[in-house]
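Colleague: Could you walk me through the labels you use for this model? I'd like to hear what stands behind each of them.

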Amino acid sequence: MTQTRSIIRGVGGYLPANCVTNDQLAQRVETSDEWIQQRTGIKQRYLAADGEYTSDLALAAAQQALERAGLTPADIDLIIVATTTPDYTFPSTATIVQRKLGMHHGAAFDLQAVCSGFVFAVATADSYLKNGLAKRALVIGAETFSRLLDWNDRTTCVLFGDGAGAVVMEVEHVGDDAPERGVLASSLRSDGHYWDKLYTQGGPSTTLGMGFVHMEGKEVFRHAVGMITDVVNSVFETTGYGVEDLDWFIPHQANKRIIDGAGHKLHIPPEKVVVTVDRHANTSAASVPLALNEAFTDGRIKPGDLVMLEAMGGGFTWAASLIRW
Ligand code: UT7
């Protein structure tokens with residue numbers, strides 16, 4: 001008997017060159033390094049340059065993931081870009097990345113689940129691969145989130161940054177006795193009743209514009225830990241694994257206090273939690289793959305490790321995915 005599974009073949013990431021510290025921000029808006037660090041754990045963020053678009057960030061991350069997988073664009077037949085900040089309303093940023101990779105083949109589309117987008121995209125690609133719709137997928141989380149910010153609103157503009165992360169996923173048909181590897185289970189959730197807790201005040205169909213981010217921070221915070229533990233426990237239940245089996249917990253990087261709260265509630269030792277929010281801030285759909293890329297690049301994640309991805313964001317949406325490396 002054989003089993004069909006989807007594995008991670010390569011990981012990549014990209015951060016724009018322009019690093020902006022809290023002190024630098026405090027020269028533009030009424031805030032302080034002390035407030036930002038105390039409430040969020042953020043020390044700095046990277047911001048895309050003028051003329052540098054989400055597709056450029058996505059492309060750089062994708063190229064690194066491909067190179068590390070030892071593959072070329074010719075090997076890819078599916079591209080999913082999770083983003084809230086597409087280059088254009090349409091066509092999808094995924095098709096722009098496809099063009100920039102020189103591809104005419106395969107399928108490409110964007111996925112919109114805001115900060116949970118990358119985890120939703122991993123689960124989507126996993127399903128496409130296992131069901132024979134594709135063989136190798138580039139799954140990218142990419143954002144120029146800074147462009148959605150009202151730089152006069154200190155309650156939001158200090159929280160976010162730009163960046164991109166990517167993985168190459170591949171389908172494998174192996175014997176039942178092969179060592180476990182790949183995406184083991186995912187849990188995806190949303191509840192649109194919370195839409196106005198975190199949204200842009202505008203869009204193509206409502207205001208014919210883009211709108212800027214509006215967030216009821218305290219309300220998002222209030223729900224975050226419970227929603228994160230909900231999907232993480234659901235994935236543990238499906239797989240039969242538990243916290244004690246976990247090697248790495250890779251949470252969405254919105255706020256260090258939320259990460260600590262979720263880790264505490266789930267009884268995950270802090271040394272198993274990958275944290276980048278201090279340096280990257282909240283890069284929305286890019287935050288989880290950027291953290292994954294960092295832990296892979298510095299050698300923390302090793303073959304055979306059990307890795308839990310999780311995210312929560314606008315919608316609300318929340319999701320987790322358990323991967324055997
Ligand atoms: O990725 C999607 C998920 N998003 C999140 O997870 C974000 C969730 N929410 C949060 O992380 C937190 O709620 C925030 C970091 C956004 C805010 O932290 P908080 O502890 O909930 O602060 P607060 O909103 O209650 O604000 C406390 C005070 C207020 O002043 P008063 O009314 O107490 O006088 C704010 O006006 O801090 C003030 N404040 C600021 N002060 C300096 C708000 N923003 C700033 C700022 N600098 N940037």
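Colleague: Why is Gln253 called buried?

Modeller: Its relative accessible area is 0%, and buried means under 20%, with exposed over 50% and partly exposed in between (1.4 Å probe, protein chains only). Gln253 is therefore buried by that rule. Do keep in mind that this is a predicted model, where local features need pLDDT of at least 70, side-chain atom pairs count only at pLDDT 80 or more, and totals for chains, interfaces and linings use all residues. Residues are numbered from 1 along each chain as its sequence is written, and side-chain values use heavy atoms, with hydrogens and water left out.

Colleague: Where does Gln253 lie?

Modeller: In the loop between strand S11 (248–251) and helix H8 (256–266). Helices (H or I, at least four residues) and strands (E, at least two) are DSSP runs, numbered from the N terminus.

Colleague: Why is the pair of Glu216 and Lys197 called a salt bridge?

Modeller: The closest N and O atoms are 3.8 Å apart, and a salt bridge is a side-chain nitrogen of Lys or Arg within 4 Å of a carboxyl oxygen of Asp or Glu. The pair therefore qualifies. Glu216 is in the loop between strand S10 (213–215) and helix H7 (217–239), while Lys197 is in the loop between strand S8 (182–190) and strand S9 (198–200), 19 residues apart.

Colleague: Are these two partners buried or partly exposed?

Modeller: Glu216 counts as partly exposed at 32% relative accessibility, whereas Lys197, at 17%, is buried.

Colleague: What makes Glu294 part of a network of salt bridges?

Modeller: Glu294 meets Arg279 at 2.8 Å, N to O. Arg279 lies in helix H9 (residues 277–280) and Glu294 in helix H10 (residues 287–297), so this pair ties together parts that are 15 residues apart in sequence. Glu294 also forms a salt bridge with Arg300, the closest N and O atoms being 3.7 Å apart. The network links Asp278, Arg279, Glu294, Asp298 and Arg300. Arg279 is partly exposed at 27%, and Arg300 is partly exposed at 26%.

Colleague: How do you know what area is buried between domain 1 and domain 2?

Modeller: Buried area is the accessible area (1.4 Å probe) that two parts lose on being put together, summed over both. Here that is about 3700 Å², of which carbon and sulfur atoms give 68%. In domain 1, Cys115, Val119 and Leu148 lose the most area to domain 2, together 17% of what that side buries.
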